[in-house]
Amino acid sequence: MRVLIVSDIHANLVALETVLRDAAAGGPIGALWNLGDCVGYGPRPGECIARLREMEALWVAGNHERACTGAIGTDDFNPDAAAAAQWTKQRLSPEERAFLDTLPEVAEETASDPGLKAGAASGPVADPGLKAGAASGPIADPSLKAGASRAGFTLVHGTLRQPIWEYLYSHEAAMGHLQLQRSPFGLVGHTHVPLIVIEDAGAPHGCELYRFGDGESVELSGERRLVINPGSVGQPRDGDPRAAYAVYDTESAGVTLHRVEYEIATTQKRMEEEELPRRLIDRLTLGR
Ligand SMILES: [Zn+2]
């Protein structure tokens, strides 16, 4: 099964549709996992929410989901983000806002059964202490590699220390997160920068951080715990304006990062029509 992993769509429907097409071109998508901030900044929040619900996405809330329902205030947002959050709040229906408020801040997922849909596959997370062979019980997919055969993922927007707020940029934040991560693999968003964290007791900071580049893959051998950030679909900030997403292939037990060009000008035109802040429009071209 191929699991599409997206984050920080930010109401950029053109980017989302392009990512869905690009990912499907590589083979059928069995599940969709979203790491938060589907809304905020961009011009089509309702349509992006509808698209993800249609695909039964497993979805954790980001700070923007919380802000646009009024669940949290926007005092900690910069003025442009606060203005966009207010605009989004007015644009969404009461039903859409109520739905966003039901989203959890942390989700655990196993993706062990290709027959199960996203959201329906939730189950107990494998103990990261278990070694291959020591795991009892049937293994759902014999083609899965040792370790990944009981792959457990923890999904959170920021970090497990501060689920909707903390940016996982530093070794310190990574270690703080890993101390709370019970599963072998973690998935985070929020920074809008693709990243791989590999736990390494021998490393000076206890882990290594790597930029996750277009076309690169990381193997889920289960030997070391990992945290992966798939970057942002709708507002990349690593200097590359192309939409970013990742695909987890349960058969090869690997996660691959992809970048894809989308019609940035179309999204920008819609933002102009909605009179969203100029800086938010311009940054899409720059990827910052
Ligand atoms: Zn975001």
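Mentor: We begin with handedness. A crossover is right-handed if, with the strands pointing away from the viewer, the path from the first strand over the helix to the second runs clockwise. The model here is predicted. In it, β1, α1 and β2 form a β-α-β unit that is right-handed.

Trainee: How many bridges join β1 and β2, and in which sense do they pair?

Mentor: There are four bridges, and the pairing is parallel. Val 6 has Asn 34 in β2 as its bridge partner.

Trainee: Through which helix does the chain cross from β2 to β3?

Mentor: Helix α2, residues 45-54, carries the chain across, and this β-α-β crossover is right-handed. β2 and β3 run parallel and are joined by two bridges. Asn 34 stands opposite Trp 59 in β3.

Trainee: What is the strand order of the open sheet?

Mentor: Two strands count as paired if at least two bridges are found between them. The order of the six strands is β3-β2-β1-β11-β12-β9, and the pairing is mixed. The edge strands are β3 (58-59) and β9 (217-219), each of which pairs on one side only.

Trainee: How does β9 run relative to β12?

Mentor: β9 and β12 (residues 254-260) run antiparallel, with three bridges between them. Val 218 stands opposite Val 255 in β12.

Trainee: Which strands does helix α1 touch?

Mentor: Helix α1 (residues 13-25) packs on the sheet and touches β1 (2-6), β11 (243-249) and β12. The direction of α1 makes about 35° with that of β11.

Trainee: Are the faces of strand β2 covered or open?

Mentor: For burial, count neighbours: a residue is buried if 20 or more other C-beta atoms lie within 10 Å of its own. Both faces of β2 (residues 31-34) are covered. Ala 31 and Trp 33 are buried on one side, and Leu 32 and Asn 34 are buried on the other. Over the protein, 46% of the 288 residues count as buried.

Trainee: Which residues of the largest nonpolar core touch the most other members?

Mentor: They are Ile 5, Trp 33, Leu 155, Val 233 and Tyr 245, in a core of 69 residues. Take Leu 155: leaving aside residues up to four places away in sequence, Leu 155 touches Trp 33, Leu 35, Leu 58, Val 60, Ala 107, Glu 109 and Leu 187.

Trainee: What share of the contacts with a separation of 6 or more is between residues 24 or more positions apart?

Mentor: The share is 74%. As for the overall count, the protein has eight helices and 12 strands.

Conventions:
Residues numbered from 1 in each chain as written. Predicted model: local features only at pLDDT ≥ 70, side-chain atom pairs only at ≥ 80, totals over all residues. Buried ≥ 20, exposed ≤ 12 C-beta atoms within 10 Å, placed from the backbone. Contact = placed C-beta atoms within 7 Å. Core = buried A, V, L, I, M, F, W, Y, C linked by C-beta atoms within 7 Å. Axes fitted to C-alpha atoms, helices over the stretch in contact; angles between N-to-C directions.
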